[in-house]
Amino acid sequence: MINSIVFDTVIGRLYIAERDGAVSHLLFAQEDDPEAYKEEGSLTPLLAETKDQILSYLAGTRTSFNLPLAPKGTPFQERVWNALLTIPYGQTISYKELAVRAGNPKACRAVGMANNRNPISLIIPCHRVIGADGKLVGYGGGLPIKEHLLRLEGALV
């Protein structure tokens, strides 16, 4: 059974879903499609804890998450998402470096697509991946939010 909540934050509305005792989704709830991001089931202890950890992170009082995660994707996507989890708070890497960490140094484009398909934003920190030239590129929540998150973490000054 899927349980989900939607809530407001300083970076916009977020949608969290859990399935079988693990977070399966953390997405930006798009205003133009409210039916795609609606609350289902009940507020579980895991959803409440996830919300609390996200709000603490966004307030600048949390630097890591301690939650069970269950993103679903292809084996390659899951390798990329696991590699994203190795990027420390306050640091950034390039898509090329992410490709190396995911085990395929020549797969920069495929890594970018896997990054784009990350179903658990913020917690699986795809916002910490930047262009090889140091520029901010691509983010599901939009570049202003990516910049906000990197400034919050001290990765941008």
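Is Arg151 buried, exposed or partly exposed? Arg151 is partly exposed, with a relative accessible area of 41%. The points below start from the salt bridges and end with a helix pair. Please keep in mind that this is a predicted model.

1. Salt bridges overall. The structure holds four salt bridges. Three of them, including the one made by Arg151, are taken up below.

2. Glu147 and Arg151. These two side chains form a salt bridge, with the closest N and O atoms 2.8 Å apart. Both residues lie in helix α5. They are four residues apart, about one turn of the helix. Glu147 is partly exposed, at 30% relative accessible area. Arg151 is partly exposed too, at 41%. Each value falls between the limits of 20% and 50%, so neither residue counts as buried or as exposed.

3. Arg128 and Glu153. Here a salt bridge joins the two side chains at 2.8 Å, N to O. Arg128 sits in the loop between α4 (108-116) and β5 (129-130). Glu153 belongs to the segment after α5 (143-152). The pair therefore ties together parts that are 25 residues apart in sequence.

4. Burial of that pair. Arg128 has a relative accessibility of 6% and counts as buried. Glu153 is buried as well, with a relative accessible area of 6%. The cut-off for buried is under 20%, so both residues qualify.

5. Asp8 and Arg13. This salt bridge has its closest N and O atoms 3.0 Å apart. Asp8 counts as exposed, at 54% relative accessibility. Arg13 counts as partly exposed, at 32%. The limit for exposed is over 50%, which is why Asp8 gets that label.

6. Helices α2 and α4. How do the axes of α2 and α4 cross? They cross at roughly 80° and come within 9 Å. That makes α2 (residues 75-84) roughly perpendicular to α4. Two packed helices are described by the angle between their axes and the distance between the axes.

7. The α2 and α4 contact. Which residues of α2 take part? Phe76, Gln77, Val80, Trp81 and Leu84 do. On the α4 side they meet Ala110, Val111, Ala114 and Asn115. The contact residues divide into seven nonpolar and two polar. No charged residue is among them.

Methods. Residues are numbered from 1 along each chain as its sequence is written. This is a predicted model: local features need pLDDT of at least 70, side-chain atom pairs count only at pLDDT 80 or more; totals for chains, interfaces and linings use all residues. Side-chain values use heavy atoms; hydrogens and water are left out. Buried means under 20% relative accessible area, exposed over 50%, partly exposed in between (1.4 Å probe, protein chains only). Helices (H or I, at least four residues) and strands (E, at least two) are DSSP runs, numbered from the N terminus. Axes are lines fitted to C-alpha atoms, for helices over the stretch in contact, and angles run from 0 to 180 degrees between N-to-C directions. Angles under 35 degrees count as roughly parallel, over 145 as roughly antiparallel, 65 to 115 as roughly perpendicular and the rest as oblique. Contact means heavy atoms within 4.5 Å. Ala, Val, Leu, Ile, Met, Phe, Trp, Tyr, Cys and Pro count as nonpolar, Asp, Glu, Lys and Arg as charged, and the others, Gly among them, as polar.
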